[in-house]
Every structure is written in structure tokens, then in C-alpha cells.
Amino acid sequence: MGFFDNLLLNLDASVTGLFGQWNIWTSLLATALVGFLTYQVATRQDPDTHPFLLARQAQGTAVRQPGESPVYRSQAAPHGMLLNAGLNVKDPGASKWSRGRDGDLRDVWRQAVAGVQEPGPTKGAKGRILTVLGAEKIVEHNLDDITRQINLIGQHIADQGGNRVAIYLPNSVELLATLFACAFYNLTAVILPFDQPDDAVISMLRRSATDTVVTAPGSFPFDAVVKNYPSLRQLIWVVDEGSKHMDWNEVPQGTGGSVNVSTWQDIVNDAPLDAGKTLPPLEGQKEPRDVTVFWQSKPGQQEEMVRFTAGNFVSAIAAQIFAIPTSQRMGPSDLFLPADSLANSHTLVLTLAALFSNASVAFNSVASQADDLATATGGIAPTILVATPAALLKLHTESKPALSSFIGSKLHWLQTRSLTQKGMMPAAGGLLSSYYDRTVRPALGTTTTTTTPNKKKLRLIVTAERVGADTPKLSSAVLSDLRALTGARIMYALTAAKVAGAVTQTNFYDYRVFDDKCSHFGPPLTSTEVLFRDTEQYKTSDNISQGEIIVRGPCVAGMEAALGVAGKMREDNTLAYV
Amino acid sequence: MDYVQQRVAQAASNTDASSSSLFTPLNAILLSLLLYTAYTFLKPTPPPSLPREEPATVFRTFTPRTLLPYNGENGMPVYLAVRGRVFDVTRGRNFYGPGGPYANFAGRDASRGLACGSFDEDMLTKDLDGPLDTLADLGAEEMEALRGWEERFEEKYLVVGRLVAVGEEGAREDGGQEKA
């Protein structure tokens, strides 16, 4: 026998010997291996977005001014193009291909009443407007009734010689109706943050020079205001069901002699039934007036008064609509719940964007200040939620015990892995996922009432850091945990006093986790561009763009604003605090 | 054939000798294969990142004299000025760089030359320390040609600075805020 024959014989013998050891354990191991490989291949899915789109989210200019960083813009709003300035409203009869108007707040309500215009299965569908009272009762408002209220209230204020209208209300239909009434009847709206100390209210009324106040009894210091602010001409109480029978028009003796007091309900109910059914016509309408809001920074500091033009608002609304990918846009099947005060321009802009997208909108008056999301979402199952970072942080802390259990932590690890490694939202409905739902997932927007308009699950949470207001910071790890916990995507925005809506906002599909204390805030929106101006401490160089954050764009009051805080561009061109 | 029979007999005699232990070489191989596959599939990977971008050019103010070195020689970029704006035409090196048909314009104020469609030396401002060429004596046709050139440059090239006469460098903020 030759050498090779020997080799082959040996080989044959050893292979036989090796497989001769096959036993029950071997079968188990082999099954496990094949099973694992099959599972990995079968469950393989594409990430929600291409990872490279997240690896560079903004585009900087190739030339920068000395002392400044390059100017950064969203990839969706290239340099040399106009930033997203308006809603592109197409008037009836206009050519399909013509460029629409930028529009203003009036067009938001017209769109909400008209329903979806694009051809498709949802054509003509309208959103609903709901008020949540407590955990059980949900009131639906007819859109035509709200239109009537807008007309009657607007007409009433205008007839009484009102000009600058302060709105001091919790999150409610009346707040929104008054805002639209001001837009339609050529009045200047001033939105005051709700639930403020007496002297703060008086100071805000004085600074904004209002002559009319729309407010709710019990929260508004009427006597003190009359005494200290003689310019007040007109007051409209929004009376709730329970105290309707009282005579609110009566002014206490000796006070408020010159103030014309009426109630919302009287104005609406005393008018003839067919009055105020149609909105003022589009043709020949006046230029839209400004809207004034107050930005609350740290407690004890005076609120910053900011005047936004109608253009600022529509630009911000358009950018928020654009920030959600086309396939995930807000629509008639969504239920939008602002669990943050509508006096924040960010919350207000998102709510208006939801109305413009014909989504249903729910108002919960306790939601405005609530840092408890379970309370805020009680009785209703929103699909899109605006929440404060404090509320989200509380939710995260409360979910910790459930996550520390053995099975809970393993399931959470799986969900997180799907988010951060595969870049996709874990699918709902699986066996593991439903177990996770029952054990770990917090009870958000789960409801026992049958009146809820849809049984869809929460799909998007929007939250915002407020510059200079000491809002708690959310780290990317916390955001990722919350995504896994709620099963909803989260967009974290950077908001500032002089910017309607947001400055920057994390990408809808960005689930990445970094080692940080405060997450990045994503790229600029399509309505803003951001640059950094050198400060003593932080200077832009060839290696890094950093300095004081400067924002420009059609949604910025005065077109440009310095935020007064230092920021930087990270390597993926998302903005973060230094 | 003999061999096969021999092996079959051998195997038949071995069957009862097989053990049911977990720790056999075969199991060890399979186990390590399983662990390795699990590791490669499950190991965390950091999010992908793209290579760094080129750092941005800082917008600066040139005088005819400081612009002169930017003529594409000695590895320098190619700049040229049109009506006070300095364009980085390095990408068009074949035309504007050394040896190109427009090489005269590199590092110089090219306004007059472009307006008149002439590449001659006498189109350039001779006195580098003097005032900039105001182009006041040019006709409508030449100005039209110059605007055409400017539009082409704006489309293709970046404005990286502005050109002022010597002694006027301090007067910033008037034309310096032009958007790139």
C-alpha cells in the first residue's frame, strides 16, 4: 500500500470514529444549531431606514464664516433651496400642479373641517375632536359646532371692540376655538400659560397689552386684575357644565365696572341657531395677525414674551408634518393627545399639525401639567402623544421593577436588541411580545371604556427639551428603554423661546444608543438651519463645530435667534449640548 | 471489496461501545460551532458611521496681493475673483490652473477679462496695491457677458471669500454675509 492509501484509510477510520460517537447529546446540539440558524435567517428583516441615513443626518455648508461653524440643514432641505415656509394650501379649483399658498391658521381649521382632500381610500375622512373628562367620560364635539363657536365668539369679541385677546385656559376645545376665532376675525391672540400666580397673570396681561380675556372661573384672579390692570375691557368666562346655572354675567359691586363680562355658553346659545355656520370667505380676507405666546423658563424668572407671525406658525406646522416619513404620516386613523400645555409653541404646533392632517385630537385639561402619563392618558388610547420629558422619566423609573425581574429583563433585552442592533421597531403581536405587554409594558392609553374611537396602539411619542428651562434631560439609553417599553417611536426635540415648533428633532427611525447623559437632538427640521457661533469656551475648528447655537428660518421669530446655550454637531451631524 | 467488508464488521462490533456522554470530541466540535455562530450573530455592533466630512473652508477677505498665491502652483488651490467675490475654481483646474487656457486669471481679479472675453495679460489690474477695477467703462453687452459668467460660477463653484483693495480689509459686514 502506498502512502496515500494509508492516509485515506486513516481518514476514513477517524471520520467513522468521530461520527460513531453520535449520541443523544449530539442530536440535541445539532438541532439547536440548525434551529438557531433557521431562526436567524427566517426572522431577518431590513432595518426601518438605511443605517447610513442615520450616520449623517444633516448637511453642512462647504464654506463657513470666520468665528462661526458651517450652516447645517436637514438632508431633506438642501442648501440653496428655500426652507419649508408653508403648508402649500391649494385653493379649490387651483391647478393640481400649481404651487399652493403658505397659508395661515385659518387654513388649518378649513382643512380640519374639509377632511382629507387627496384621492384615496381616506378621501373626505375628518378627524374628531374629543374632550376627556376624568377617566370615564369622553365628550365628542361636532366640528360644525366648533365652527359655529369660532364664528360667534370671534364676532362677539370684534363687535365689542376687542383687539388683543388673551387666552387663559387649560388644554381645551375652547382654547383652540378662541385661537381660530382670533385668526378669522382679525384679532391678535395672546396665549398665556395656565395656572400661574396672580401677579404673573397681571404682568403678562400688561406686557401683552390685552383688552380681552377668555378664561375659566376659579383660576383667573378677576378682582386683582380689575384693580391692577384697568385696560381690560372685556371678559368671557368659559363655564363648565356643573356651574352653568349661576349668573356669571353679574359683576361684583364696586369692582370691574368698566369690564363687559359674558359667558361663552351665553354667547353661543343666545345666537340664532343658524347664525355663524359658515366661516368667513377666503376671498378678500385680511392679512393674518400675529400670535403672542409666553415662554416659561426657570421658576421665578419672568416669562419671555414672543410674537410669532402666522408665517412662523405655518412653517413650523409644515416642518412637523414633514418630519414624519410619508408612510407614517398622521391621518384620520390617528388619535392625537397633547399631554403638555398648549401654551408651549411646540405642543401647539404639533396639535395644529394633527388638525391639518385630519387626525382626531383629544383634549384633557389635567394633561397640561401632569407629569404622570397614566393619568394624562386615562380613559383614552392615543396613537400619538406629546409628553414632557419629566413625565417620560417618571414612566421609566416606574417601569424599573418590572424590568429587573428575570424574564422581564430578558424580554426587554430582546426588544432593545431589535431596536438598537437591527434598527427596527419590534413587531407587536408575537408570543413573546404579548407576554412582554402583559408583564413589563406600562399601562399607557389602555382603556376600559367602549367609546374610544379606535383601538389602535400608541405609535409615536413626541417630547421636547426646552432651552434654559431646566427640563430633565433624557439620555439615549432612557429613550431606547422607553421605545421598548411603550412600543412607540420617540422623537426628542430641542425647543426654544423664539422658535415656533422645534429647532431640531431626532429622526423618526433613529433608535441608536450612545454613551451619554443627554441624548442628541437630531438634525434641524426642514424649516430651520443651525450654526454655531464661537464663544469664549467653545470655538469651531476644522475638527469640530461647536459654540452658541444660532437658528435661522421661516419659523423663527425675527428670522434668526441665538439660543444662549452652547451646542455642537456630533460626527453623525446631529445637534447635542456640549 | 475486502476493505469494505472489513470496515462493516469493525463498525458492527463497535456499536455497543458507543457512549452517551456529553463530552465527546464530536460534541465538543458541535458545541463550539454553536457558540461561535451565536456569538457572531448576537455580538453587539456599534451603529455604522461614515468617514468624516472635509472641514469647511473659512470665508476670508482677500486683497489682490494675498489672492496672488492662489494660482494653482506649488499645490495651492486655484482662486479667481469676479466683481469682489472670490471663487474656488480648483475643480476646474484644467481650465483655470497652470497651463490651462484661462491660467492668467488664476489668483487674480478676472472681472474685466471675463466681461470682454479676452484672456490677455492687459485685462488684469496691474497695480496690486491700487483700487479695484470698477469696470465703469464697460458697455451693457460686456456687463451682460460678465453676469453670465457669474451665474455659471455660482452654479459650479463655491464663493470662499471676497476681494477688497489694500487698506479696506477692515470694512467687513457689507458684502461679507453673502450666502455660499
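This is a predicted model: local features need pLDDT of at least 70, side-chain atom pairs count only at pLDDT 80 or more; totals for chains, interfaces and linings use all residues.
Residues are numbered from 1 along each chain as its sequence is written, chains are lettered from A and ligands numbered from 1 in the order in which they are written, and side-chain values use heavy atoms, without hydrogens and water.

Staying with chain B, its radius of gyration is 36 Å, while a compact globule of 180 residues would have one near 16 Å. That radius is taken over C-alpha atoms, and the globule rule is 2.2 Å times the number of residues to the power 0.38. Along the principal axes, the C-alpha atoms of chain B fill a box of roughly 110 × 40 × 30 Å.

Chain B contains 6 helices and 5 strands; these are DSSP runs, numbered from the N terminus, with helices being H or I of at least four residues and strands E of at least two. In sequence order the pattern of chain B is α-α-β-β-α-β-β-α-α-α-β.

Now chain A. An open sheet of 7 strands there has mixed pairing and the order 10-9-8-6-7-11-12, where pairing takes at least two DSSP bridges between two strands. Strand 10 (260-263) and strand 12 (304-308) of chain A each have a single partner strand, so one side of each lacks a neighbour in the sheet. Strand 7 (residues 188-191) and strand 11 (residues 291-295) of chain A run parallel, joined by 3 bridges, and A:Val190 stands opposite A:Thr292 in strand 11.
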